[in-house]
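User: I want to go through the labels on this model one at a time. For each, tell me what the label rests on.

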Amino acid sequence: AMCHKILANSGINSFPNVTIHRLQADVFPFESDLLSMEYRDAFKEAEVENTPSSLISSVARSLLKVQDVVGIVPRVQALGPLAEQVVQKMMTMRLD
């Protein structure tokens, strides 16, 4: 919505050959070796509501996308129960 307003205010979206598409950006690179996953409700889902299933699936899917780009990581380590669930979900998704 904000992008549409910015483009409308600048007059860009009035050009006939301009099409606006949505980009699903799961991870954002900050440095060459540092990625951030901007998941607004992560803490709320995992700790407050105790329903981390969509969080686990999103993180697993994002990590698989990274592996599609850089290659399969041969050794994945998990620290904590949620991370272990993410790794398990990644393995399940990779087999599907």
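User: Which residues of helix 3 are buried, and what makes a residue count as buried?
Analyst: This is a predicted model. In helix 3 the buried residues are Leu55, Ile56, Ser57, Ser58, Ala60, Ser62, Leu64 and Gln67. Each carries the label because its relative accessible area is under 20%.

User: What do they pack against?
Analyst: Helix 2 (42–48) and helix 4 are the partners of these buried residues.

User: What makes up the largest nonpolar core?
Analyst: Five residues: Ile56, Ala60, Leu64, Val86 and Met90. Helix 3 (53–70) and helix 4 (81–95) each give two or more of them. Helix 3 gives the most, with three. In soluble globular proteins, nonpolar side chains tend to be buried together.

User: What is Ile56 in contact with, beyond its neighbours within four places in sequence?
Analyst: Leu82, Gln85, Val86 and Lys89. They count as contacts because heavy atoms come within 4.5 Å.

User: Why is the pairing of Glu49 and Lys44 called a salt bridge?
Analyst: The N to O distance is 3.6 Å. The cut-off is 4 Å, so the pair qualifies. The structure holds one salt bridge. Side chains of opposite charge can pair when their charged atoms come close.

User: Are those two side chains buried, partly exposed or exposed, and what relative accessibility decides it?
Analyst: Glu49 has 41% and Lys44 has 42%.

User: Why is helix 1 said to lie largely in the open?
Analyst: Helix 1 has nine residues, and the number buried is zero, so the helix lies largely in the open. Just after helix 1, Gly11 takes a positive phi of about 85°.

User: What makes Ile20 part of a surface patch?
Analyst: Ile20 sits in the loop between helix 1 (2–10) and strand 1 (28–31). Its relative accessible area is 38%. A patch residue needs over 30%, so Ile20 passes. Ile20 forms a nonpolar patch with Ile12, Phe15 and Val18, with about 320 Å² of accessible area together.

Terms used. Residues are numbered from 1 along each chain as its sequence is written. This is a predicted model: local features need pLDDT of at least 70, side-chain atom pairs count only at pLDDT 80 or more; totals for chains, interfaces and linings use all residues. Side-chain values use heavy atoms; hydrogens and water are left out. Patches are made of residues with over 30% relative accessible area and no salt bridge: like charges are joined within 9 Å, nonpolar side chains (Val, Leu, Ile, Met, Phe, Trp, Tyr) within 5 Å. Accessible areas come from the Shrake-Rupley method with a 1.4 Å probe; for residues, only the protein chains shown count as cover. A salt bridge is a side-chain nitrogen of Lys or Arg within 4 Å of a carboxyl oxygen of Asp or Glu. Helices (H or I, at least four residues) and strands (E, at least two) are DSSP runs, numbered from the N terminus. Buried means under 20% relative accessible area, exposed over 50%, partly exposed in between (1.4 Å probe, protein chains only). A nonpolar core is a set of buried Ala, Val, Leu, Ile, Met, Phe, Trp, Tyr and Cys residues joined through side-chain atoms within 4.5 Å.
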